[in-house]
Amino acid sequence: METNNQALESKYHSKLNGDTLLVVGMLALLVGVEGFIIYRILSETWEIASDFFYLYVIFLGLIFLIETIGCLRVRDSIKNHMFEFKYYD
Amino acid sequence: MSEHNEAASLVKTLRPFHVWALGVGIVLVGEYMGWNFTVAKGGVLGSLLAMLVAGTMYVIISLCASELGSATKLAGGPYDWARLFVGPGAAASVGLAVYMEYIALEAADAIVVAFIAQSIFPELQVFPVTLLVIALLTFINYRGVVAALTLNFVLTMIAFIAIVAFFFTTAFGGVDIHPEYLFQGALPNGMIGLFAALQFGPWFYLGIEGAAMCAEECKHPSRAVPLGQQAGMITLLIGAAMTLYLCAVLIPTDLLGVSVYPLFEAAQNSGIFIFIALLGLGTFLTCVASANGCVCDSSRSWFALSRDNYVSSWFSAVHPRYNTPYRAVIFTMPVAIGFAFSGFLDQVITFSIISGLLCYVLIPFSLIRFRNLFPQSTSRVRPFVGPLQPYIAYFAIAIAITILSTLFWGYKYNLIFAFVFYGIAYFYFSHRHKSSNIENNWAEMGWPLPEGSENQRIGKEAMSIGDE
């Protein structure tokens, strides 16, 4: 019985790590791609965009901040309820 | 609830990747075409700002949808959230808005598929191919949601991988680009263009909130909805940024603003055959995936409206063998055909955007009401708790209203028509449901009574004693 529980727990934690890896990987890709594109576009158009570049910085910052906290909450939610709702059976 | 769905209920088999496929499948077509009108209005800088502002709004809407969808676990999505937490008038308006948003989009997608098929095989005619596409997708959705969304997953994944491969090859110098296009078309209409471009910003993400509409058919909605929805939102943010960059450095801005298939055109300008083939295939597949997802979402919205007697309860029947809302699914077909052959497709699409924006005001508002009525965060009521609420919900409402206001330039009559249409729906259904006196059965959902309902009940009892 004890071994069964341990196996189940280990399976659940391994699946949770899979979900975490997926989200972290996608967030890293998001930061890399968005950062690269905004840098390329603003650096090429700096003569025009320098007066209002802060608008891009504000909204980019908001996307990163809200999405990152949102993803952390998704992970926490899965971790807190995975045994209760038997997510990985 | 009507008697029809008591014998059979929707099958609960969907997983997070189905939720992702439903959301991204509907939306990715907007990254293959349509978003480039932001460039016509505000140049590259206007388009970039529209992408970021709309992206911020959709990130918040996605979090609201994740919280509401995983809590209610109902097929109606925004309709059910408004019904439970706002009221019958708002519920009917948002239910109809979701239905119109998706069915108009389905019609537009089917026509584009027919046009692409005709450009490959000139002997084909647009009318019968459009009919065939609509009929085929309706049949797939009739047979079962798992098959429909698994198909969406495959189509969407191919289309997304095509963008990613093209982007990384370009970013690492595999394609000759023209960075001078970025400066030449940076801001052609001045500062006003920055503001005007916002009206087409939603094209990058329009419909992602629909991912939560399969909550009732998920095996574990409290995991599948937040995970699938957030993964979908990140996918779209990545896809939008890649698309904008690729098109802006490969197509001159004046041509990009009026292009029908901008990503395909960018691939053609790269001159590399594999990308021309991949992006051409991607354009076709995203249209099919989008139309397929739209049949799924619009039928669920109609099914939910029918289940609560907002429209005839005949539509709320569930197929005894396939466990799909088959009458609501079949009913999407004549309506989509009607939209497709109305001859006013651009007006229909604008109506779809306005309907979507109306939802983006009411979804965060539903969340604010949900938080006020049920402040407790127990597993039963709120398994997923979104961050920074309700402040970001207010912020999303402000962005949605700002984007709606920009539609006044050029789409004044569409805007007025939409407000009159949804206004009439609001007052008609509010009045109808007031007289029928239907109340939400919280106990059936396993929820406690909402905050303040005890005081209301005591007040009603006191009034009835006073009347006696």
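How many salt bridges does the rule find across the interface of chain B and chain A? The rule, a side-chain nitrogen of Lys or Arg within 4 Å of a carboxyl oxygen of Asp or Glu, finds 1.

## About the model

This is a predicted model, where local features need pLDDT of at least 70 and side-chain atom pairs count only at pLDDT 80 or more, while totals for chains, interfaces and linings use all residues. Residues are numbered from 1 along each chain as its sequence is written, chains are lettered from A in the order in which they are written, and side-chain values use heavy atoms, without hydrogens and water.

## Where the chains meet

Let's start with the salt bridge: Arg223(B) pairs with Asp19(A), with the closest N and O atoms 3.1 Å apart. On the side of chain B that touches chain A, α11(B) gives the largest share, 15 residues; helices here are DSSP runs of H or I, at least four residues, numbered from the N terminus. That side divides into 39 nonpolar, 9 polar and 2 charged residues, with Ala, Val, Leu, Ile, Met, Phe, Trp, Tyr, Cys and Pro counted as nonpolar, Asp, Glu, Lys and Arg as charged, and the others, Gly among them, as polar.

The contact (heavy atoms within 4.5 Å) takes 50 residues from chain B and 42 residues from chain A. Together the chains bury about 4200 Å², 78% of it on carbon and sulfur atoms; this is the accessible area (1.4 Å probe) lost on being put together, summed over both parts. Leu52(B), Arg223(B) and Ile234(B) supply 14% of the area that chain B buries against chain A, more than any other three residues.

How values were computed
Buried area = accessible area lost by both parts, 1.4 Å probe. Helix = DSSP H or I, 4+ residues; strand = E, 2+ residues; numbered from the N terminus.
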